[in-house]
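Morning, everyone. I'd like to take you through some charged side chains today, and then a piece of surface. Have a look at the model first.

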Amino acid sequence: MTEEAPISAGTKTAGAKSTGTGTAGATTGATPSTTATPGIGTGVTSDEVFRVETHGIDPIPDEDRHGSAKDLFWLWFGSNLTFTYVINGALAVSFGLSFWQATAVVVTGGLAFFVISAAGLSGIRTGTATLVISRAAFGVIGNLPAGLLNWVVSIGYTIVNTVVGTLALEALFADLGWAGGDAARALALAVTLAMTFAVAMWGHATVQLAERWMAYVLAAGFGVLLVFVLPDADFGAAAGGGAGFSDWTLAFVVMLAGPFSYLPMPADYTRYLPRDTSLRSITVTGALGGFVSSVALGVAGVAAATQADMTDAVAGVEKLLPGWFQPVFLLLVLGGSVTNSILTLYSSSLNLQVLGIPWSRAKAIVISVVVTALGSLGALFLTDFTESLLSFLSLLIIVFAPWGGVFLADMLLRRCRYDTGALHATGREGAYWYRAGFHPAGMAALVTGMAFAALTCDSELWTGPLVAPLGGGDLTLLGSVVAGITYWALAGRSVPRPSRVAA
């Protein structure tokens, strides 16, 4: 699977005090303290804007729930206003697709956000994070390997986004007359990390507010970029005789990999919503947010690739813009990198709690920040390993496509109703302990899907033995379908029905 490259290479208490790792201590029905910042606050002490969130993966009690489905529009809209989609759109054209063919692939990829948004219903029902809920499908112990890999993926993409944002800010410094070398790069890195860390550390309410307000600015800026890039696009047939089967499959993998990477996250951002929030409302609002931003920027990338050499995507787009807008464009690249990193960094802190780190979310996030900072420093000042990192991260779709298939199949079988207490019971007494901490059906389906994905994967680091016999196509993402069907067949009769478990 081909992924985006960074710029230089050519281019994720209420009531009682809660520790954020166990069961919430507040009593359902209590009235939360009102400490909101006028006009922008939540009115909930445990999750207030510009205050450190006190909850983690512990179930959010009813009295701490707030917000509405429309908040998800801004969350997914803002976090996906990232230059990544411009690069992905350009890649589709580089595979030999015409403007309209590549646009069709971009739109198809955007539609995947309807699945991602619908998966957020599990957070409303349980009040906890996605990687806690997946214990039901894989078992308490069986859930850990994917949890660890997801943390690696989250940090990996945060490093890549940080590098991209840093290089954009450094380029802006140069445009403004300061070519400060290592000093300019170090300052750019510090600014990028600070913007990301401050928001993610404060927590859920601040993340939502930041994504909304940054979305206003980024949407306006990228809208102007579309005005400059789209009119001169080549809307004719693809050069070189058009794309073959392998080119189409690669384009779909690139476009769908972005939405797929969010599958371990949606409940992280719906767990505070009131229990009566409907499936339709979260699906439509959240999906529209991700769809509009990813499709708009993907089409911008497609249009740019029909006019300019996009080997270095940032330089390629810059050539199509008037001089006065180029500094603004670099700020857009920086802003998009930050909005996406905020999301992945916040979820990584919940991820660490799932892995057993006995700290609050606000403390656990320090681990993620330190690793991100060290990785970014290494890539920017020692050796640029970002292309190798991207190749490795893209290969992990072999794991996460099947993981997503099993998780979604389990959610459908349960009608998205879980025993919330059992999800947090990590000993043998819990209903999701199964056999020695593993759910046999979930693990068997995961392995089956991974085997299919590995056999049909066509990436820089690995080419499966079935790629050539199948016409050169990359069918990695179908591993999710294989895993989901396998799980349904194995667990269809054993998974408890909604009437037999607590909502």
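One cut-off before we start. Buried means under 20% relative accessible area, exposed means over 50%, and partly exposed is in between. Keep in mind that this is a predicted model.

R185 has 22% relative accessibility, so it counts as partly exposed. Its partner is E170. The two side chains meet in a salt bridge, 2.9 Å from N to O. What does that pair tie together? E170 lies in helix α9, residues 144-175, and R185 lies in helix α10, residues 182-202, so the bridge joins parts that are 15 residues apart in sequence. Now E170 itself. Its relative accessible area is 17%, so E170 is buried.

How many salt bridges does the structure hold? Seven.

Now to E53. Is E53 buried or exposed? Buried, with a relative accessible area of 3%.

E53 forms a salt bridge with R271, and the closest N and O atoms are 2.8 Å apart. Where do the two sit? E53 is in the loop between α1 (7-10) and α2 (70-79), and R271 is in the loop between α12 (245-260) and α13 (279-305), so this pair ties together parts 218 residues apart in sequence. Like E53, R271 is buried.

E53 also forms a salt bridge with R361. Here the closest N and O atoms are 3.3 Å apart. R361 belongs to helix α16, residues 361-382, while E53 is in the loop between α1 and α2, so the pair ties together parts 308 residues apart in sequence. R361 has 1% relative accessibility, so R361 counts as buried too.

E53, R271 and R361 are linked in a network of salt bridges.

Last stop, the surface. Which residues form a nonpolar patch there? V366, V370, L374, L377, F381 and L382. Together they have about 550 Å² of accessible area. Take L377 as one of them. L377 is placed in helix α16. Its relative accessibility is 37%, so L377 counts as partly exposed. Compare R361, also in helix α16, which is buried at 1%.

To recap. E53 pairs with R271 and with R361. E170 pairs with R185. And L377 is part of the nonpolar patch. Thanks, that's me done.

Conventions:
Residues are numbered from 1 along each chain as its sequence is written. This is a predicted model: local features need pLDDT of at least 70, side-chain atom pairs count only at pLDDT 80 or more; totals for chains, interfaces and linings use all residues. Side-chain values use heavy atoms; hydrogens and water are left out. A salt bridge is a side-chain nitrogen of Lys or Arg within 4 Å of a carboxyl oxygen of Asp or Glu. Helices (H or I, at least four residues) and strands (E, at least two) are DSSP runs, numbered from the N terminus. Buried means under 20% relative accessible area, exposed over 50%, partly exposed in between (1.4 Å probe, protein chains only). Patches are made of residues with over 30% relative accessible area and no salt bridge: like charges are joined within 9 Å, nonpolar side chains (Val, Leu, Ile, Met, Phe, Trp, Tyr) within 5 Å. Accessible areas come from the Shrake-Rupley method with a 1.4 Å probe; for residues, only the protein chains shown count as cover.
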